[in-house]
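Me: I am new to this protein and would like a close look at one residue in a loop, with its backbone and surroundings. Please then show me a few other places in the structure that help me read it.

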Amino acid sequence: MQYISTRGKAAQTVASSAILQGLAPDGGLYCPDNFPALSSDKLINVAKMPYAQRSAEILGLFLPDFTSEELQNAAEIAYANFPIPVTALDDKISILELWHGPTCAFKDIALQILPNLMSLSAKKHADNRTFHILVATSGDTGKAALEGFRDRDGFSVLVFYPKDGVSNTQKLQMSTQLGDNVCVCAINGNFDDAQTGVKNIFSDKEVAETLAKNNIVLSSANSINLGRLLPQVAYYVSAYCDMVTNGKLSVGQKLDITVPTGNFGNILAAYYAKSIGLPLGRLVCASNSNNVLTDFLSTGVYDCRRKLHLTTSPSMDILVSSNFERALFHLSNDDAELVSDLMQKLDTDGIYTAPPALKQAFDNVFTGGWCGEEKAAEIVKTAWNENKVLLDPHTAVAVAVARENLTDNPMLVVSTASAYKFTEAVCPALNIKGDTVEALETYTGQTAPEPLKNLGSKAVRFTDTAERTEMKEWMLKQLLG
Ligand SMILES: *Cc1c(COP(=O)(O)O)cnc(C)c1O
């Protein structure tokens, strides 16, 4: 299997090289040139395995240049203490809990294994440079990248976050991060400023030359990297297996899925699972009031000429969904010319219209829906009061949209974060006095996940704030002294 760029101007390449590169040289995203097949015999076989082995099997379908021993080792290290269970919300909706990893958000699933996949890839290409992972984050990716790459040979990590744009818990999680190869810096600006600053550093030739003299190369751990996307395919297969084992599904029966969506990485992984043959029905794309994707899926017009709303589900406050480009590519039968044209229009005009055949292809697979702030808070409240299930605001958005899109198939809602990570939103929704982790614990009688407990008493290691115009200088000073 080869990997090809959505823009069609870069040479095809093997998976390990695509993982090392992140973005393709023509500005496109790497995609598999065809989808491998998951037979029903293989599915039944995979159902007997623990999660790490399931993950290695599914990754093996997409990564033929890795040995099964390499993948098995990488998955065992990543998922040794990382349960990924399916639970019930009510008799219609099951929940896939993806947040039992070290940072309590679903980004851990990919970022716990990505460093290992990158090390293996570097070895295969005899590349002995130090990879400096540069991240702009709105909260969850930064912490998950720090935790994934900490003290790992051959890597260093720098995370920029918007000073006032992350939750208190997220800020503390990052500023108290351990590890000798990590650092964190706040930016005087919003997430877009941080993201733009990072993009500028990536395209700065002088920076690249200076770093090259020191045997350092910049690299990215954001969700356009294939190594972020492919590990996510495995949990859809795993959830299906668990639901068969628990009697909620029979083998071959269709399962509908609702995903709280931002950059379209998580739901794209569900599309990949469906494309290899997992019996999935509708893929429901849930948005908050930044409902660009809902509008696209109903009209075929992608229009980001609108104001970004800051919501209680900040990881979905996105107008340009980076992985959507991959969906356009696959659903247009790999029409790189069309994708390049649409992306060009988005860049210059902020809007494009899908041709009718492409719109039809989306209609065959995806449904869109969105949920506003009040409704999301109400869902948090009723899920707790009626089902004793504690939802974070992102998952609450998905549950609201799932309820409006139930069919005869069972419905699985993907839960992307622990509610204890977003107490500023969850506590008011439950009418709790105070909005701390402890206040929420007292109210629910539960214990918060270990990594979120006593964050306030951990030593703060990173306190710097940089102006958005000084990010490059700040990074070079850190790296080269
Ligand atoms: C990143 C994130 C999302 C959005 O996922 P995408 O893959 O970008 O669509 C949703 N919820 C939470 C909690 C997240 O951290």
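Reply: Asn 215 counts as partly exposed, at 36% relative accessibility. On this scale, buried means under 20% relative accessible area, exposed means over 50%, and partly exposed lies in between, using a 1.4 Å probe and protein chains only. You are looking at a predicted model, in which local features need pLDDT of at least 70 and side-chain atom pairs need 80 or more, while totals for chains, interfaces and linings use all residues. Residues are numbered from 1 along each chain as its sequence is written, and side-chain values use heavy atoms, leaving out hydrogens and water.

Asn 215 sits in the loop between α10 and β8 (216-219). Helices (H or I, at least four residues) and strands (E, at least two) are DSSP runs, numbered from the N terminus. The backbone here deserves a look: Asn 215 is not a glycine, yet its phi is positive, at about 60°. Most residues other than glycine have a negative phi.

Ala 126 also has a positive phi, near 45°, without being a glycine. You will find Ala 126 in the loop between α6 (114-124) and β5 (130-136). With a relative accessible area of 68%, Ala 126 is exposed.

Asp 204 is buried, with a relative accessible area of 17%. Its side chain reaches the backbone nitrogen of Val 207 at 3.1 Å.

Now follow the chain to helix α12 (residues 265-275), where Leu 268 is found. Leu 268 has a relative accessible area of 0% and is therefore buried. Its C-alpha atom is separated by 9.8 Å from that of Cys 285, 17 residues apart along the chain.

A search of the whole structure finds 21 aromatic pairs. One of them joins Phe 296 and Tyr 302, which are tilted at 55° between the planes and 6.2 Å centre to centre. Here rings of Phe, Tyr and Trp (its six-membered ring) pair if their centres lie within 6.5 Å, with planes under 30 degrees apart called stacked, over 60 edge-to-face and the rest tilted. Both Phe 296 and Tyr 302 are buried. They belong to one aromatic cluster, whose members include Phe 35, Phe 62, Phe 264, Tyr 271 and Tyr 272.

Terms used
A polar contact is a pair of N or O atoms within 3.5 Å; within protein, one must be able to donate a hydrogen and the other to accept it, and residues adjacent in sequence count only if both atoms are side-chain atoms.
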